[in-house]
Amino acid sequence: MTAATTNPAVLRATNVRKTYQLGRLRVPVLRGVNIDVRRGEFVAILGASGSGKSTLLHLLGGLDAADKATTDTGPASIEFDGNDLIRLSTGRLDEYRRRRVGFVFQFYHLLPELTVLQNVTIAAMTAMGKLEYWSKRGEVRAHASALLERVGLGHRLLHRPAELSGGERQRVAIARALVNKPDLLLADEPTGNLDRVTGASILDLFTDLHKAGQTIVVVTHDEATAARADRVVRLVDGSVQPS
Amino acid sequence: MYQFLLTHRYLTSKVMPLLAALAVALCTAMVIIVWSVMGGFLVMLINSGRTLVGDVTVSWPITGFAHYEELIKRLEADPDVAAATPTIETYGLIGLPDGRTETVMIKGVDGPSYTEVTDFASTLHWKPIDKPHAKDTFSEDPRLANHTLWNFVFEGGKRLVRFEKPERGNVAAEKPGAVLGISVSGFNIREQWGFYPGQARARQPDGTVKPVQTILPVDGNVTINVLPMDSKGRAVDMVARSFPVANEFHSGLYEIDHKTVFVPLASLQDMLKMNRATKVATGSGVAINEKGEEVFTAPTVIGEDPARVTNVLVRGKTQSFESAAADKLADKVGVIYRQFAKDFEGQVPPSTSIRILTWEDQNRTMINAVRKETALVLFIFSFVSMTAVFLVLAIFWAMVSEKTKDIGILRAIGASRTGVAGTWLLYGAAIGLLGAVVGFGIAYGVVTNINAIHEWLGEKLGLYIWDPKVYYFSRIPSDLNATHVTIVLAGGVLASCVGALWPALRAARMSPVRALRFE
Ligand SMILES: Nc1ncnc2c1ncn2[C@@H]1O[C@H](COP(=O)(O)OP(=O)(O)OP(=O)(O)O)[C@@H](O)[C@H]1O
Ligand SMILES: [Mg+2]
C-alpha cells in the first residue's frame, strides 16, 4: 500500500449496471458496481472469466454506455473530474477518451496500415486540430518516439504492426495510450496473450509508469498480475466483493 | 489530420479502392462519351441545317410571291442584314443517265447571291484540293491533280453553269447547269465509314461497282421534271428540261445530299412559269374577220405578271449559333415585310400569313428529335450509371465493414463520429476524384479518336455501328462540352462520397466496443 490510497479519487463509479439484451433475453453483467480510483493509484480488478471485468473497464473508459438509472435500481454514476460519464454527451465523451484516459486492449488493436510511430502519433492527432498538429508535428513526433523508446521500441519506429511480436505490439499500444498524457491508464488483460516472461516485462513497464505517478487500472484474472497493484478489487458475478 | 494520413494509407495499401475508382472511371467515361457524341450530333446537325438556308427565310411555298427584288433591296438596306437572296423550292423528279428516276427537292438559286447568303460554295465537292483525304492512302482522289479543270468546275458550280467544250473557235460556251447532292446520282459511292474515295464509281447492272472515267454523270446531263402551277395554285402540265451537271455538293447531311438538286433560279422560274409574263385579255388575240374566219391579232395587253419566288433567304451580319440572334433578325425581317406588304397590298401575301422562319424553325423537327433522343439516351445511361453507383456503394460497404475494427480503434482513442465519417468521406472523395480523372482521360481519348476507333472496329471485327445512311453524317460527330464534363465528373465524385459516407456513418454510429468486436 502506498500513500496513493489516501489521495482524492479521480474516478468514482457508483451503482454501475450493464445489461446486455440478447434477443428477448436480458443478461445482467454488472449488477451495481461501486469502485473508487485515487490519483496515483495502481488498482487491479481481479475476476474469473466472464465475470464482467472487460465490460466494467469499457464503461470506465467511456467506450460503452452503462444502463440508465431507473427507480428500482437507484441512482448510478461514473464520476470523473466532477463529470458523470453516464450523462455526458457524445462529444464530451469523445473528449474524455481523447485526453483523459488511455486504453490498452488485450488484443492490442493497432491500425495495420500504419507504422509503429504513426500508430502512436495518430492518437495525438485526434486530440489536435489540423493546424495545431501541423505546427507541432515535430514535437509530437519527438514525444511519440521518446515514448516508444521508453517502452523499448526505439529501433522499430517504421515497422508495421504485422512485423512485430505480441509483446512488442502491446508496447506500441501502451505508448499510444500514453501519448496524450492521460490522467488514467486503463488496461484490459494487457498480458493475457503473452508468455510469462514477456508479460512480466510489460508489467514491469506498468510498475515503472506507476512509480512515475501514473494512475493505472488493470483488469486481470491472474493473481500474480494483481499482486503488482496497490489494491485489488475482486469482481464476482457482476459485483465487487467486499474485501 | 489523421483523416489524411489514413486516406493516404488506405489508398496505397489495398486493391479494393482501385476497383472502386475503376468503376467510377468507367461510368463517368461512358456518360461523357455518350453526351459528347449526342451533343456533337446536335451541333453538327444545327450547323449543317444552317449551311444551305441562311439565318432567316421569308417563305410563301408553291405559288411564290412577287416583287421579291424590292423586298431584297429593302432587306439589304437594313444594317443588320448582310445579304438576301431569292430561291424557289419545289419538289420534282430527276431523270438520271442510268435510267433511274428519283424524287428530289429542287431548289432554284441565283448563284452569286446564294453563295453570299449561304455556305453553298464550301459544300461544292468538285474543286481543286491540295491534301488527300485522310483515308486516301494512295492519293487516288482525282481532285488532287488537274487543278485548272477543277477550278473551272468549281467556278461553274458556284454560278450553276457548265462550260461546254468550244465547238467552234475557242470560246467555251456556258450552259445553265444543275448541282446535285453528292448522293443523288449514285455515281459517288461512299465507303462504309463515310468517305467518298474521290474516284466516282458506277454500279453496274450485275451489282458490281466499277470506276467511271468522268466524275459527273456519263453524258453529263440529267432531266429535271417539275409541276408548274399558276398563281392561283392550279397545276399546269409537267415540264421537263435537261441540264448538264455543273458540280455536286456535299453538306454532310445525308438527307440533303441524297435528295436535293440545285438549278439556276431563272431556269426554274421559266419551267414553273414563275417568270415575268404579260397578261392579255381573254379572247383577245383571236378575231373573226368579215369572212367569218378566225384570225390572229395582236393581243390586248392588260398588265404584267411579275416574276415570283417561293423564298427569300436572309443572312445576318452577326454570325451566331444562338437561337436568340436568329429570332431577333426574324423580328426585323418581319417589320420590313409588314411595310413591304402594305406598299404592295393585294399583290404580295399579307404579312399576317407570310412565313418568316429562322434556321432553327426550319430544322425544328430534326433538331427537336435529336434533342429528345439525347435526353432519352442520357436518361438511360444515367440509369445505367445508377447501377455503377450501387456498385461503388457495395464496394465501399465491403471496405468499411472490413475496416469496422479500425473505426472502433479510432473511436476508442477519441476520434469523434464526424471525424471518422470524415475520414471515409475523404477516402470516397479521393477515390471518386481518381476515378473521375481517369474516366475523363478515357472519355477524352475515346471522344477525340472516335472515328479512328470506329474504323478500327470496322476493319478488325467488321463492326460498323455508325451507318451514315441512318445517321445523317458521314463522320461520327463529337463535342466535348466543358459544362457537361464538369457535371458528369462532379456526379462521379459525389456518388463516391455518398457511397463511402453511408456505410461509414453506420459504422461511426456504433459504440466503440461494438465496432471493435465487429467481425
Ligand atoms: N456485446 C455483448 N452482448 C452480449 N453479451 C455480452 C456482450 N459483451 C459481453 N457479454 C457477456 O458479458 C459477460 C461478461 O463479459 P466480459 O467480457 O466483461 O467478461 P470478462 O470478465 O472480461 O471475461 P474474460 O476474462 O474472459 O475477458 C460474458 O458472459 C459475456 O458473454
Ligand atoms: Mg475480458
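Is Lys73(B) buried or exposed? I looked this up to begin with. Lys73(B) counts as exposed because its relative accessibility is 57%.

**Ground rules.** I am working on a predicted model, where local features need pLDDT of at least 70, side-chain atom pairs count only at pLDDT 80 or more, and totals for chains, interfaces and linings use all residues. I number residues from 1 along each chain as its sequence is written, letter chains from A and number ligands from 1 in the order in which they are written, and take side-chain values from heavy atoms, with hydrogens and water left out.

**Entry: Lys73(B), continued.** I placed Lys73(B) in helix H3 of chain B. Helices (H or I, at least four residues) and strands (E, at least two) are DSSP runs, numbered from the N terminus. I then checked Ala83(B), ten residues from Lys73(B) along the chain. Their C-alpha atoms are separated by 9.5 Å.

**Entry: ligand 1, its place.** I found ligand 1 between chains A and B. I counted 13 residues around ligand 1. A residue is near a molecule if one of its heavy atoms lies within 4 Å of it. The closest are Ser49(A), Lys53(A), Ser54(A), Thr55(A) and Arg517(B). I sorted the shell by class: four residues are nonpolar, six polar and three charged. Here Ala, Val, Leu, Ile, Met, Phe, Trp, Tyr, Cys and Pro count as nonpolar, Asp, Glu, Lys and Arg as charged, and the others, Gly among them, as polar.

Which element gives the most to the shell around ligand 1? I found that H1(A) does, with three residues. Helix H1 (53–60) and strand E1 (9–22) of chain A each supply at least two residues of this shell.

**Entry: ligand 1, its contacts.** I looked for polar contacts, meaning pairs of N or O atoms within 3.5 Å. Within protein, one atom must be able to donate a hydrogen and the other to accept it, and residues adjacent in sequence count only if both atoms are side-chain atoms. On chain B, an N or O atom in the side chain of Arg517(B) is 2.7 Å from a nitrogen atom of ligand 1. On chain A, a polar backbone atom of Ser51(A) is 3.2 Å from an oxygen atom of the ligand. The side chain of Tyr20(A) has an N or O atom 3.4 Å from a ligand nitrogen atom. I noted that ligand 1 taken alone exposes 630 Å², of which the protein buries 69%. These areas come from the Shrake-Rupley method with a 1.4 Å probe.

**Entry: positive phi.** Most residues other than glycine have a negative phi. I noted Lys181(A), which is not a glycine and has a positive phi of about 50 degrees. Lys181(A) lies in the loop between helix H5 (166–178) and strand E7 (184–188) of chain A. Lys181(A) is exposed because its relative accessibility is 61%.

I also noted His67(B), with a positive phi near 55 degrees. His67(B) sits in the loop between strand E2 (65–66) and helix H3 (68–77) of chain B. His67(B) is buried, since its relative accessible area is 17%.

**Entry: C-alpha pairs.** I found Arg514(B) in helix H16 (residues 512–517) of chain B. Arg514(B) is exposed because its relative accessibility is 55%.

I placed Leu110(A) in the loop between strand E6 (101–104) and helix H3 (116–126) of chain A. Leu110(A) is buried because its relative accessibility is 11%. Leu110(A) and Ala162(A) are 52 residues apart in sequence and 9.5 Å apart from C-alpha to C-alpha.

Key: Buried < 20%, exposed > 50% of the residue type's maximum accessible area, 1.4 Å probe, protein only.
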